[in-house]
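Here are my notes for a colleague opening this entry for the first time. Please keep the ligand in view while reading them.

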Amino acid sequence: MIIASNFKTNHTRASTRAYMEELDRFVRESGSRQRVMVFPPATALERFETAPQIVTGVQNAYPVEKGSFTGEIGLEQIDEFGLRTILVGHSERRHIFGETQQMCAQKYTFFQTHGFEIVYCIGEPEAVRQKGIEAVVDYNFAQLEGIDLDYGKLIVAYEPVWAIGTGLTASAEQIDETLTRLRRKIKAPLLYGGSVKPANTEEILKIENCDGVLVGTASWDVGQFCEMIAIADRLS
Ligand code: PGA
């Protein structure tokens, strides 16, 4: 399974280093079989020397090699750390920073061309969820426009906007129903994200089409993140 942590705007360079050391120790000592991903903030990136199943990625980048894009990072900056994994389309990028589907698709295509593993995020806001499953499916499918679903290094994270950082998790039935519908179109691994924590990890990972979780808040504590990895190890 894939167990991923998105730090968002949390952790410093020093605390990220300490986090990675502790995570690495846990993964090695437990002999974990999970694929573990960590997305630190850009300021804390480095070439972490970790067990091979721990992958470091970037949370965001602009689809250029380099240039005049104040505040952004491009391929050249990512290359310095030898990183080849990126998050694209996270709901905070879409809803707080106004990234359009066109921009998400442009980023996707750029990083696909450069051979990156892409964790591509989709998910509906609450008003859409209230309209029922067909509206949810339509909304999520619209977020796949311009995305090459046959790309071999694609992972899709289904993260309902109303469940991100709110403490509200979608019910197992809602996740199951949505992932089942997404699975008809998407062959890539499917993750669930939205207030995942040790207490609900088992229930979520047991869902048929769920290949892992993308975790924000609960994962910022390395102990809790390791607990979630241990739960995945017990289940697989
Ligand atoms: P959360 O964030 O776990 O804090 O809800 C999930 C995410 O944004 O990936």
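1. Start with the pocket. The ligand takes up the space of the second largest pocket. Keep in mind that this is a predicted model.

2. Which residues stand around the ligand? The list runs K8, H90, E159, A163, I164, G165, G194, S195, L214, V215, G216 and T217. By class, four of the shell residues are nonpolar, six are polar and two are charged.

3. Look at the ligand's oxygen atoms next. A polar backbone atom of G165 is 2.6 Å from a ligand oxygen. For S195, a backbone N or O atom lies 2.7 Å from an oxygen atom of the ligand. For G216, the corresponding distance, again from a backbone N or O atom to a ligand oxygen, is 2.8 Å. How much of the ligand does the protein bury? Taken alone, the ligand exposes 280 Å², and the protein buries 99% of that.

4. Where does S195 sit in the chain? S195 is in the loop that runs between β7 (190-193) and α8 (198-205). Its phi is positive, about 55°, although S195 is not a glycine. Is S195 buried or exposed? The relative accessible area of S195 is 17%, so S195 counts as buried, the cut-off being under 20%.

5. Now turn to K8. K8 is in the loop between β1 and α1 (13-30). K8 is not a glycine, yet it has a positive phi of about 55°. With a relative accessible area of 13%, K8 is buried.

6. N6 is placed in strand β1, residues 2-6. Why does N6 count as buried? Its relative accessibility is 3%, and buried means under 20%. What does the side chain of N6 reach? It reaches the backbone nitrogen of K8, at 3.0 Å.

7. Begin at N6 in β1. Go from the N6 side chain to the backbone nitrogen of K8.

Conventions: Residues numbered from 1 in each chain as written. Predicted model: local features only at pLDDT ≥ 70, side-chain atom pairs only at ≥ 80, totals over all residues. Heavy atoms only, no water. Near = heavy atom within 4 Å. Polar contact = N/O pair within 3.5 Å; in protein donor to acceptor, adjacent residues only side chain to side chain. Areas by Shrake-Rupley, 256 points an atom, 1.4 Å probe, with all protein chains shown as cover. 1 Å grid on protein atoms, 1.4 Å probe; cavity = no way out; pocket = protein on both sides within 12 Å on 5 of 7 lines; lining within 4 Å. Sits in = over half its atoms within 2 Å of the grid points. Nonpolar A, V, L, I, M, F, W, Y, C, P; charged D, E, K, R; others polar. Helix = DSSP H or I, 4+ residues; strand = E, 2+ residues; numbered from the N terminus. Buried < 20%, exposed > 50% of the residue type's maximum accessible area, 1.4 Å probe, protein only.
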